[in-house]
Each structure stands twice: as C-alpha cells, then as structure tokens.
Amino acid sequence: MTNAGHRLLWTIIALLLVAGGAAALAAGFGTLRGADPQAVLLSAGLVDRWRTAAPWSTLAVAVAGALIALAGQRLLARELQRPAGRLRGTLSHPGRRPGRTRMAADVLADALARDLTGNPGVRRARVVLTGEPPHPDVWIRVDLTADAPAAGVREHVRAAVRRFAATADCQPAHLDVTARVEPGQP
C-alpha cells in the first residue's frame, strides 16, 4: 500500500472513532433523537440470546477481537517500518548554511531516468547508481526508437549526466551507457 493509501486508511479510522465517540456522547447527554440517556445499553432479549449461545458467542467475540487486533498490529507495524529503499549516502552542501541531506539513491536514479526520457528518440531509460555518493558508478540503459539519431541521443545523454552531476554534486567515477535500438515499424 502506498503512503497516500496509509494516510487515507488512518484518516478513515480516525473519523470512524470520532463519529462513534460523538454519537455515544450525544446519546449520553440525551441530545440524540430517539435515545434515552437512562435506557439500558443492552436489552433483556439480547442478553438472553447471548447467554443461550454461551460458549460460542464468547468464542465468536474473542475471534473477532483477535482479528481486529491482528489487523491493527499489522497496520501499525507497516507504519513503523523503515522505507523500502535504504538511505544510501550523504550529500553535503557547503556554503553559508552548511547542512546534510540524506537521500535514497533510487530517487536520484529515477530523476536521471526521467531526464533521459525527455528526448523523443529515447523510449525507455533505466539507471542504477552504486558506490559512494561523491563519486558513484552510474549504469544507464536506454531503449531507442528505430529513427533516433545516434549523435543527438549521445549528446542528450551527456547533457543529462552533466545536469545530474551538477544537481546532485556527484561526479560519476564510472559511467556505463548501453543503448538498444528497437526494431522499426513494419
């Protein structure tokens, strides 16, 4: 589930809990239409049915409670676990306000891949970063259309790598570019 999905799920749970609490409070103060604050919470008929189904009713409630607790535990564990992509490397920015930014290598690789696909001749791009942040090894694979001019794509890749190096303040120690030309339209 994505982060947005988790936020939506927690929002729904919070709204349900707030609505349930507000309804119980309104019923307790007698402001809820049709609710008597002096009324018994469980009717005598419901209590009799509960006692008639004695061992099974208790077991059913225990199983339902355990399933709800397990679902809550899994949801909470998912929220507390580390992000899927480990944080690799520290990028430093010297200047008037020095500081450090930790960024996952996948974020930088995705940004470079998006930059590479900005050329109409590049259909797909895949980027892998390895090594240490100041001088990472950069592995690029681009899938080109059949009519893509090789010289234009080569210059586009060079410019994208230069922009990457300037933006991330990481000069690639090793750059490996593989280009595959897709077959033309029949």
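Let's start with Arg 163 in this predicted model: its relative accessibility is 39%, so it counts as partly exposed, since that label covers the range between 20% and 50%. Its side chain meets that of Asp 115 in a salt bridge, with N and O 3.0 Å apart. Look at where the two partners sit: Arg 163 belongs to helix H5 (residues 150-168) and Asp 115 to helix H4, so the pair links distant parts of the chain, 48 residues apart. Asp 115 is partly exposed too, because its relative accessibility is 24%. Why can such partners meet at all? Side chains of opposite charge can pair when their charged atoms come close.

H4 covers residues 105-116, which makes 12 residues, and reaches 17 Å from its first C-alpha to its last, close to the expected 16 Å. Which residues of H4 are buried? They are Ala 105, Leu 108, Ala 109, Leu 112, Ala 113 and Leu 116. Looking down the axis of H4, you'd find these buried residues within an arc of 135°, so they line one face of the helix.

The structure holds eight salt bridges, and some of the residues involved are joined up: Arg 123, Arg 124, Arg 141, Asp 143, Arg 180 and Glu 182 are linked in a network. One of its pairs is Glu 182 with Arg 124, whose closest N and O atoms are 2.8 Å apart. Glu 182 lies in the segment after strand E5 and Arg 124 in strand E3, so this pair ties together parts that are 58 residues apart in sequence. Glu 182 counts as buried because its relative accessibility is 18%, while Arg 124, at 43%, counts as partly exposed. Another pair is Asp 143 with Arg 141, at 3.6 Å from N to O.

Next, hop over to helix H3 (residues 54-80), where you'll find Val 63. Val 63 is partly exposed, at 43% relative accessibility. Together with Trp 56, Leu 59 and Leu 67, it forms a nonpolar patch on the surface, with about 450 Å² of accessible area in total. An unreviewed UniProt entry annotates residues 50-72 as a "transmembrane region". In the model, that span is 96% helix and 0% strand, and its end C-alpha atoms lie 27 Å apart.

Finally, zoom out. The protein has five helices and five strands, and 20% of its 186 residues count as buried.

Terms used. Residues numbered from 1 in each chain as written. Predicted model: local features only at pLDDT ≥ 70, side-chain atom pairs only at ≥ 80, totals over all residues. Heavy atoms only, no water. Patch = residues over 30% accessible without salt bridge, like charges linked within 9 Å, V, L, I, M, F, W, Y side chains within 5 Å. Areas by Shrake-Rupley, 256 points an atom, 1.4 Å probe, with all protein chains shown as cover. Salt bridge = Lys/Arg side-chain N within 4 Å of Asp/Glu carboxyl O. Helix = DSSP H or I, 4+ residues; strand = E, 2+ residues; numbered from the N terminus. Buried < 20%, exposed > 50% of the residue type's maximum accessible area, 1.4 Å probe, protein only. Expected span 1.5 Å × (residues − 1). Arc of directions from axis to C-beta. UniProt positions renumbered as here; feature names shortened; annotations may be inferred.
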